[in-house]
Amino acid sequence: MIQENCWTFPKEIPLEEVPQYSSRFEKIAKPACLQFDLSQTEWIHSSFIGFLIYAKHSISSHGGKLYIIPSPSVQRILHLMNLNDYLLH
């Protein structure tokens, strides 16, 4: 479910779904604050990690803030990729 400032993601995010999220993100005009709720997500495709990095960079470059609420599985993946500090803080 995606609301304007809070996006809630499903249990699994396969490659086929990533372009849809990217397209919806591009339609948002410089959000000041955006929250990605991945608390129920257990599996993500690596391209989704690229989307998270892009979204974080895009929002930060406009002075905004991206909040990511990770599940333990997502947090473990981000930790293995050494992205916790960048994406979760």
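Tutor: Let's start with burial: a residue counts as buried under 20% relative accessible area, as exposed over 50%, and as partly exposed in between, using a 1.4 Å probe and protein chains only. At 69% relative accessibility, Asn82 therefore counts as exposed. Before we go on, this is a predicted model, in which local features need pLDDT of at least 70 and side-chain atom pairs count only at pLDDT 80 or more, while totals for chains, interfaces and linings use all residues. Residues are numbered from 1 along each chain as its sequence is written, and side-chain values use heavy atoms, with hydrogens and water left out.

Student: Where does Asn82 sit, and what is the value of its phi?

Tutor: Elements first: helices (H or I, at least four residues) and strands (E, at least two) are DSSP runs, numbered from the N terminus. Asn82 belongs to the loop between helix 3 (72–80) and helix 4 (84–88). As for phi, most residues other than glycine have a negative value. Asn82 has a positive phi, near 60°, and is not a glycine. A glycine with positive phi can be found as well: Gly63, near 80°, follows helix 2.

Student: How do I read the sheet, and what is its strand order?

Tutor: The rule is that two strands pair if DSSP finds at least two bridges between them. Here three strands make an open sheet in the order 1-3-5, with parallel pairing. Strand 1 (6–8) and strand 5 (65–70) are the edges, each pairing on one side only. From one strand to the next, the twist averages 15°.

Student: How many bridges join strand 3 to strand 5, and which residues stand opposite Phe36?

Tutor: Strand 3 and strand 5 run parallel and are joined by six bridges, while strand 1 and strand 3 pair in the parallel sense over three bridges. Phe36 in strand 3 has Trp7 opposite it, and Ile68 in strand 5 also stands opposite Phe36.

Student: Which strands does helix 2 lie across?

Tutor: For angles, axes are lines fitted to C-alpha atoms, for helices over the stretch in contact, and the values run from 0 to 180 degrees between N-to-C directions; contact means heavy atoms within 4.5 Å. Helix 2 (residues 46–61) lies across strand 1, strand 3 and strand 5, and runs at about 150° to strand 5.

Student: What about Asp37: which residues does it touch?

Tutor: Asp37 lies in strand 3 (residues 33–38). Beyond four places in sequence, Asp37 touches Trp7, Thr8, Phe9 and Ile69. Asp37 is also buried without a salt bridge, and the nearest opposite charge, on Arg24, is 15 Å away.

Student: How many salt bridges are there by this rule?

Tutor: The count comes to one. Glu42 forms a salt bridge with Lys11, with 3.9 Å between the closest N and O atoms. The pair links distant parts of the chain, 31 residues apart: Glu42 in the loop between strand 3 and strand 4 (43–44), and Lys11 in the loop between strand 1 and strand 2 (12–13). Glu42 has a relative accessible area of 48%, so it is partly exposed; Lys11 is partly exposed too, at 48%.

Notes: Lys and Arg count as positive and Asp and Glu as negative; His and the chain ends are not counted. A salt bridge is a side-chain nitrogen of Lys or Arg within 4 Å of a carboxyl oxygen of Asp or Glu.
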